[in-house]
Every structure is written in C-alpha cells, then in structure tokens.
Amino acid sequence: MLTRHCGVLLSAAMTCVALRVAPGHAQDATTKPPEQQDAERIADLVLANHILADQGVVDGFGHISVRSAKNPGHYFISRSRAPALVSADDIMEFDLDDQPIDARGRAPYLERFIHSEVYKARPDVQSIIHSHSPAVIPFGASDVPLRPISHMAGFLVRQVPVFEIREGAGDETDLLIRNKALGAALARKLGNATVVLMRGHGDTVVGQSIKTAVFHAVYTELDARLEAEALRMGGKITFLNEMEAARIGEQMDKLVDRPWELWKIQALSHAQQK
C-alpha cells in the first residue's frame, strides 16, 4: 500500500517540478493562474506530510494545511489520516467555517479548527502545522522557556508563547482543539509569533509557504533538543538575542528550498524502501 502511495507522491512531485522548469512556466508564482498555484500547493502538501513524518516531527498524528491561492478564505488539508500515508486523493478543501467543499464521505481531522482560526487571525500565514513534536513537550509543560539557541532557529526570535487550554476551557478537557472558540484562543496566544507551544500537546507552527512552515517545524524540534542538551550540561546558556534571531530568521527563510530538496529525496527514498 505504501508503495502505491509513494508512486502517487513521486508522480505529484515530478508534475510539480515539471511545471516549474518547463518552457513557458518559469514565471514567478504570483503571476501563475490561481488554479495552477493551487495544484502546486496540493502537490507540495502531499510531499510535506511525508517529509514531516520522515523527519520525526509527526507520527500517526499531526497535520499540515495550506491556504488556497484561488480563494484565500479556503484551505487544503488531508482527511484524517497518518501523515506518512497521505496521497493527493486524501486532500480536502475547507472554508474558514471548517465546512468541507466536497467531503465525499471522507472524515476530517478533529482539530481542523486550529487551521481556520489561525488563517483568520494571520493573513500573512499560508501554511500551518500542528504536531506532537516530542522535544517541545517538556518546554510547554514546564516553566523553562523555549528560546532560540541554534542558528537554524532564528525564526523563534524570542521566548516561545505557551497555550494553556485550562485558561479558557477549565480543568477537564482532553487538550484537543475541538471547536472554533479554542482555535481562536490558540490563534490569540500565537499572536505574531511563528510557533506556539501547547501544554502537554505539542505545538502549532506557521509559515508564509509550505516549505517555510516545514522548515520551522523541523528546526523547532531540533532547537528544543539542543536547548535540553545545553540545560543538562549546566552553567550559563547564551541564546540568540532578538536582533541576531531576526536577521538569521529572515535570511534562512529565503533558503528553505535547500533543505526541502534534500528532505523530499530522503522521504521518497525511505518510502520506496518500505
């Protein structure tokens, strides 16, 4: 079954690459017809699911979405499925009221409200990832802040905000973002940041493209691991200051194609081996 999914994934990837390099298509994304932009976003969305799984950011749970270029009040996301198994047939379109445009009997993710409410609050955001990224969990559940310690995590800029679901929903939730009110509360806590931790529940990460959001998610996980290691060493930790982080983050966001190309090849190769 996974081999078939890999075939679909590879076909989507090759189609996407062809569109970008074929004569007559070497135009900036903003000049392409919205329908073509959405087709490319969906192809990248399938790839992103596999990359995030291959990089250990998601496992059987977690999800990534992308805003529609044709209709910015809509977004694309897989049906409820493990990210490593997502194919183009699984991608659904939703409006910002979280209503599917054409469900065709497919079950949606329960926590899709994360995506709609962040898109409403942040017009700049084009892609959103929610994961149970393991290394960030301790930082969301303790009073130790997650801060940018690594050059690769300059996008964090400063201490990462933590969403405490008890503040708006009491002490008896299952920590899931089950409705629009909780999604809106999470979006408020995210504010203008790139990452918001969710106590006991992972994080939500945003980007101005699918590739940028994936970059942010992967390196948030890595930064959390590095900070935890530095804390175990003891002594004073020198974090990036805000100016360093801002400059680094701006520069690295321009270079996301480099790791994306590598991660794509790795994900496809590992899928074929299975």
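Predicted model: local features only at pLDDT ≥ 70, side-chain atom pairs only at ≥ 80, totals over all residues.
User: How many helices and strands does the protein chain have?
Analyst: Both kinds of element occur in the protein chain. The count is nine helices and seven strands.

User: What share of the residues is buried?
Analyst: The protein chain has 274 residues. Buried ones make up 49%.

User: How many aromatic pairs are in the whole structure, and how is the pair of Tyr75 and Phe94 arranged?
Analyst: The search finds five aromatic pairs.

User: Which strands hold Tyr75 and Phe94?
Analyst: The pair ties together parts that are 19 residues apart in sequence, because Tyr75 and Phe94 sit in separate strands. Both residues are buried. Tyr75 lies in strand 2 (residues 74–78) and Phe94 in strand 3 (residues 91–95).

User: Which helices does the pair of Tyr219 and Trp263 tie together?
Analyst: The ring centres of Tyr219 and Trp263 are 6.0 Å apart, with planes at 45°, so the pair is tilted. The parts joined are 44 residues apart in sequence. They are helix 7 (residues 210–233), with Tyr219, and helix 9 (residues 257–273), with Trp263.

User: Is Trp263 buried or exposed?
Analyst: Its relative accessible area is 6%. Buried means under 20%, so Trp263 is buried.

Notes:
Residues numbered from 1 in each chain as written. Heavy atoms only, no water. Helix = DSSP H or I, 4+ residues; strand = E, 2+ residues; numbered from the N terminus. Buried < 20%, exposed > 50% of the residue type's maximum accessible area, 1.4 Å probe, protein only. Phe/Tyr/Trp six-rings, centres within 6.5 Å; stacked < 30°, edge-to-face > 60°.
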